[in-house]
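Please open the structure in a viewer and keep the selection tool at hand.

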Amino acid sequence: MCGIIGYTGPLDSKKILLEGLSQLEYRGYDSAGVALCMENSHIRVIRHTGKVSNLKEGCKDITEVSHCGLGHTRWATHGGVTTENAHPHRAGRVTLVHNGIIENYHQLTTDFHLEDKLHSETDTEVAAWVLDHIYQGDPIEAIAKLVGHLKGSYSFCMMFEDHPGEIYAIRNVSPLVAAYTRSGSFLASDLTALIPYTRQYFVVPENHIVKLTSYQTQLFDLDQKEQEPELLEVNWNTESAMKNGFPHFMLKEIHEQPDALKNTILPRLVKGLPDFTDDQIPDDVFKNCNQIHVVACGTAMHAGMAARALIEPLLRIPVTVSIASEFRYEEPLVDDKTLVIIISQSGETIDTLAALRLAKHYGSKTLSVVNVKGSTIARESDYVLYTHAGPEIAVASTKAYSVQLAALYMIGCRMAYVRECYSKDEARDFMKELLDAIPAMEAMLEKKELVKDLVSHLIQKPDAFFIGRGLDYAFSLEGALKLKEISYIHAEAYAAGELKHGTIALITDQVPVIAIATQEKVFSKTISNIREVKARGAFVILLTKENAQIEKGVSDIQINIPDINDSFTVFPIAVILQLIAYYASVGKNLDVDQPRNLAKSVTVE
């Protein structure tokens with residue numbers, strides 16, 4: 001969740017670290033700091049609460065050039081938002097930054113008698129003092145010993161006072177990438193911080209130690225034997241991580257969805273059929289399972305729920321969608337005949353990763369749908385389907401949701417074809433209709449001014465409700481999440497047919513209700529449910545198809561989507577729901593891209 005940047009080389013490390021932290025702001029944070037190794041080997045630490053801009057202001061008086069340093073943005077877990085709790089932490093000869101959580105820090109405090117040494121409330125400072133206690137002059141040896149004392153998740157990046165110009169790092173779960181260039185050696189928690197300097201990098205393997213110097217980057221296992229890193233190349237350009245004239249990353253990424261869908265779908269379309277040969281996913285994976293279990297968190301889970309509503313009746317096999325954080329504790333009914341589909345934008349979500357490992361323990365085949373090449377979930381899955389969405393900077397996920405849906409729809413179509421639920425012509429028709437969803441999304445982008453105008457009523461109210469039936473209900477869940485996470489309006493989604501079983505008690509005069517009615521088989525039922533809330537004074541915003549036959553007075557505002565197949569209305573509806581949330585946040589003068597308390601990559605439980 002926090003951001004890490006490290007650099008050693010001939011350039012000005014202060015400038016590189018501060019620019020890198022600015023690139024990592026989207027991950028979510030509440031304080032920031034840097035540690036600079038000065039020419040006399042003295043390590044200077046500067047920390048501030050609030051934005052990176054505060055840290056930049058605090059660094060203005062540093063005129064001496066440093067060529068090695070660490071930077072960090074902290075998202076508070078242990079201890080409040082204070083300067084003392086901000087990273088980096090100094091402990092004797094060790095200066096350290098950390099992403100993750102050390103679960104046994106209380107025990108370590110007692111075991112190493114650290115009570116009188118601690119200046120903060122953090123688990124990170126405890127780890128730093130333990131490392132200083134262990135350290136006998138060999139950083140790699142000390143780090144390898146430190147791991148044996150720790151329980152939890154972590155990415156540690158460290159400098160040792162008697163090894164100037166060197167940076168060391170190790171990780172368990174929490175992501176780290178590293179690179180060597182002609183301009184020096186870099187490491188970061190996210191590729192976006194490295195893109196200005198290199199397109200070639202490697203993902204630091206779990207429980208491996210990285211040593212960075214100005215002239216090389218080395219990788220060691222815990223037995224201190226040097227290893228050869230697996231080099232990867234970034235498949236998107238620097239401009240993808242910039243706003244390119246848009247006021248916010250979120251609006252830019254909403255507009256990028258049609259192209260993102262093309263990047264996900266078209267390379268896997270062979271003679272009109274979905275084909276995963278290049279992804280090395282054999283048809284046997286789809287033929288030999290007797291159930292599907294989708295595991296994900298947040299927006300990715302909502303993509304899974306929409307896909308379930310499509311795939312289960314199509315294949316006539318059980319499809320279960322589980323929240324990843326619950327999956328690992330509920331003794332799930334999965335076995336070697338289960339296909340477990342893991343969904344994660346970052347490929348590092350800790351709850352989802354733990355669920356993946358549990359599924360493998362039960363003998364299930366695992367197929368991950370992820371966006372980040374070389375991520376932990378991608379590497380540990382039996383099979384991986386990359387979504388090729390490019391970088392998603394805004395905390396609220398938009399294009400990741402759409403491409404995850406597209407990938408799941410393609411999986412469903414391929415499964416239907418190889419299991420003979422679809423003929424070749426039916427599978428081709430399905431893919432044609434999936435492609436038709438792309439211009440439908442583009443048509444919705446042209447209605448953004450209409451959406452901008454309608455939110456004026458929404459932002460005046462503390463609550464909002466989303467209702468729909470079948471697939472429309474699955475869409476509603478994501479719409480409610482988007483609205484609450486960036487506008488802070490309390491929003492809930494309900495299956496429209498359940499209103500009369502208690503929920504309708506929440507409907508009061510002029511309360512906003514966003515109603516989705518795109519599914520023909522339940523259309524009349526949904527309209528009846530809309531009438532129920534309208535009769536109780538609700539302000540209804542109706543999302544439906546252009547050809548829908550609806551009497552006047554059913555809604556206060558109606559937004560029409562193109563007349564496409566019911567199974568694919570999620571794609572244009574997603575654009576409208578995202579725009580509603582976006583303009584609600586803008587209308588309330590909130591930080592759209594970095595909503596409070598949230599982080600992009602969730603690597604703590």
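**The second largest cavity**

The tour begins at the second largest cavity, whose volume is about 50 Å³. A cavity is a set of points, on a 1 Å grid over the protein atoms alone, where a 1.4 Å probe fits but cannot get out, and its lining residues have an atom within 4 Å of a point. The volume is the space filled by probe spheres set on the points, which are joined across faces, edges and corners.

This is a predicted model, in which local features need pLDDT of at least 70 and side-chain atom pairs count only at pLDDT 80 or more, whereas totals for chains, interfaces and linings use all residues. Residues are numbered from 1 along each chain as its sequence is written, and side-chain values use heavy atoms, with hydrogens and water left out.

Select Tyr401, Phe475, Glu478, Gly479, Lys482, Val570, Ile573, Ala574, Leu577 and Gln578 to display the lining of this second largest cavity. The elements that give two or more residues to this lining are α16 (471–487) and α18 (570–587). Helices (H or I, at least four residues) and strands (E, at least two) are DSSP runs, numbered from the N terminus. Which element gives the most to the lining of the second largest cavity? It is α18, with five residues.

Colour the lining by class to see six nonpolar, two polar and two charged residues. Here Ala, Val, Leu, Ile, Met, Phe, Trp, Tyr, Cys and Pro count as nonpolar, Asp, Glu, Lys and Arg as charged, and the others, Gly among them, as polar.

**The largest cavity**

A search of the whole structure finds three cavities of 30 Å³ or more, and the largest holds about 60 Å³ of space. Next, select its lining: Cys2, Arg74, Trp75, Thr77, His87, His98, Asn99, Gly100, Asp123 and Thr124. Two elements, β6 (94–102) and α4 (123–134), each give two or more residues to this lining. The largest share, three residues, comes from β6. By class, the lining of the largest cavity divides into two nonpolar, six polar and two charged residues.

Now select residues 184–188, which form strand β10. Are the residues of β10 mostly covered or uncovered? The strand is mostly covered, with five of its five residues buried; buried means under 20% relative accessible area, exposed over 50%, and partly exposed in between (1.4 Å probe, protein chains only).

Two strands pair if DSSP finds at least two bridges between them. Strands β9 and β10 form a hairpin with two residues between them. Within β10, pick leucine 187: it is the bridge partner of glycine 6 and also of alanine 178.

Select cysteine 289 and cysteine 421 next. Cysteine 289 is buried, at 6% relative accessibility, whereas cysteine 421 is partly exposed, at 32%. The structure holds zero disulfides.

**Serine 555**

The last stop is serine 555, in the loop between β26 (539–545) and β27 (557–561). Serine 555 counts as buried, at 18% relative accessibility. Its side chain reaches the backbone oxygen of isoleucine 557 at 3.5 Å.

Methods: 1 Å grid on protein atoms, 1.4 Å probe; cavity = no way out; pocket = protein on both sides within 12 Å on 5 of 7 lines; lining within 4 Å. Disulfide = S-S within 2.5 Å. Polar contact = N/O pair within 3.5 Å; in protein donor to acceptor, adjacent residues only side chain to side chain.
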